[in-house]
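Hello,

Here is the structure we talked about. Please open it and keep it beside you as you read on.

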Amino acid sequence: MKFPNDFLFGGATAAYQVEGATKADGKGRVLWDGYLEKQGRFNADPASDFYHRYPEDLALSKQFGLNAIRVSIAWSRIFPKGYGAIEQRGVDYYHKLFAECAKDGIEPFVTLHHFDSPENIYEDGDWLNPANIDHFVDYAKFCFKEFPEVKYWITINEPTSSAVQQYVTGTFPPNEKYNFHKTFQAEHNLNLAHARVVNAYKAMHLAGQIGIVHALQTVYPLDPASAGDQHAADLQDTLDNRVFLDGTLAGHYPDETLQLMREILVANRQADIQISNADEAELQEAADQLDFVGVNYYFSKFMKAYNGPSETVHNGTGKKGSSISRLQGIGESGLRPGVPVTDWDWPIYPKGLYDQLMRIHQNYPNIKNLYITENGLGLKESLSPDQHTIQDDKRIDYIQQHMNAILQAMQDGVNVKGYFIWSLQDQFSWTNGYNKRYGLFYVDFDTQKRYPKKSAYWFKEMAETHTVPA
Ligand code: BGP
């Protein structure tokens, strides 16, 4: 089977992970700046210096057959404090970037928030403070008016990653652990922020499309015959996926979702969250008008029943077997025999992508257009002077298996309209710094030179032939 003629093949990026230039041209600080300074392990300068080298990266994209790119706007380049005064140099930068995309025939999919809340917004409670939702809507409306050249908008990248990593695993600032109350409140507020932006966009009657990007980790019981494992999977799925899928795609939370959420809160002796009827009306209005959903998929989870206290260890180094995830009132992540795992302990399971696409297709039938907005394999790579290219056969194998899963879902009725590899070029990883590379193009972070990897040539063949190369 072939991908349709109008299928998009793109590379994904995010402002904070590629741009560098974190202090240039009046950019305001973001939540990561202070945290990374304090941690002292690595920072986001120079990242891939995309702030200056975007023409080169777009030219490479074109040369290698790509016809789309995911970028994000750094909120704090436009509103350094998150609201108030506008920084014109930031506005000008994004105009130049979009003009270069147009010149190269590369369609930009533009995310408004990719984990980089301005520092002020963050210090005022980030997504837990309803006033910040209003600031986010104002920033979004400014962008919609200012950048008519953008035809595809994404409200928020992976709201689940923000909420869960901020307040359950503690891997994103403010690094709180096991606060399920804050997590679910942030999840709902993120849904609401997304909904308000969609509704504002639609009220402006612009000639473009708007969607959201979810990180979807397909969750299975470790032992399919165990009712306890199945229940642990349902609870973990509620935390990671269900609250977002229901809130943004269906536009309301069914009783079953609310019950599972409350079971987690009660088991952790934490207070319920606030959801008003007015909130639900906004969610519904947005879901009814949503143009597309983006799916980020890297791995699946296999859950076991677990009755002890929470204990998590994040693998931020690539030392295989170093991660732990046991959550009180939810369950424990395990490994299913026969399913390979990456050095970061992520089970490689393409069927999880197929199953997730079919789930959206079946459970949220109002969603007509899907994109795979991130998928890829992180590896430790280095290019020695006598090497011409990175032989990343493992990455090719990973992409190939996932592309075949996508084709299978398309054959079974899912309308997938494009695929964005994470990532276009090597870039900064939030919790791994420069130690986990995903790019089609290798970046020497000292010289900022780009080198196409073997996977870039493989991807070119796929984009040009619209088939998955053998
Ligand atoms: C997604 C994010 C990306 C990117 C990717 C890889 O969750 O949207 O921003 O970071 O994951 O993650 P990591 O660098 O942790 O492997």
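Helix 10 passes helix 11 in a left-handed crossing. This is a predicted model, so please read everything below with that in mind.

Start with that pair. Helix 10 covers residues 227-250 and helix 11 covers residues 255-267. Their axes come within 10 Å and cross at roughly 130 degrees. The two helices are therefore oblique to each other. On the helix 10 side, the contact uses Asp234, Leu235, Thr238, Leu239, Arg242, Val243 and Asp246. On the helix 11 side, the partners are Thr257, Leu260, Met261, Glu263 and Ile264. By class, this contact has six nonpolar, two polar and four charged residues.

Now the second pair. Helix 3 (residues 50-63) packs with helix 5 (residues 88-104) at an angle of about 25 degrees. Their axes are 10 Å apart. An angle under 35 degrees counts as roughly parallel, and helix 3 and helix 5 are therefore roughly parallel to each other. Their crossing is right-handed. Helix 3 brings Tyr54, Pro55, Leu58, Ala59, Ser61 and Lys62 to the contact. Helix 5 brings Leu97, Glu100, Cys101 and Asp104. Six of these residues are nonpolar, one is polar and three are charged.

Most residues other than glycine have a negative phi, and most peptide bonds are trans.

- Aspartate 49 is not a glycine, yet its phi is positive, about 50 degrees. It sits in the loop between helix 2 (31-39) and helix 3.
- The peptide bond from proline 173 to proline 174 is cis, with omega near 15 degrees. Proline 174 is in the loop between helix 8 (159-167) and helix 9 (180-203).
- Tryptophan 422 and serine 423 are also joined by a cis peptide bond, with omega about 10 degrees. Serine 423 is in the loop between strand 13 (416-421) and strand 14 (441-443).

Last, the whole chain. It has 15 helices and 15 strands. Its C-alpha atoms fill a box of roughly 55 × 55 × 45 Å along the principal axes.

Best wishes

Technical notes: Residues numbered from 1 in each chain as written. Predicted model: local features only at pLDDT ≥ 70, side-chain atom pairs only at ≥ 80, totals over all residues. Axes fitted to C-alpha atoms, helices over the stretch in contact; angles between N-to-C directions. Helix = DSSP H or I, 4+ residues; strand = E, 2+ residues; numbered from the N terminus. Parallel < 35°, antiparallel > 145°, perpendicular 65-115°, else oblique. Left-handed = near helix turned anticlockwise from the far one by under 90°. Contact = placed C-beta atoms within 7 Å. Nonpolar A, V, L, I, M, F, W, Y, C, P; charged D, E, K, R; others polar.
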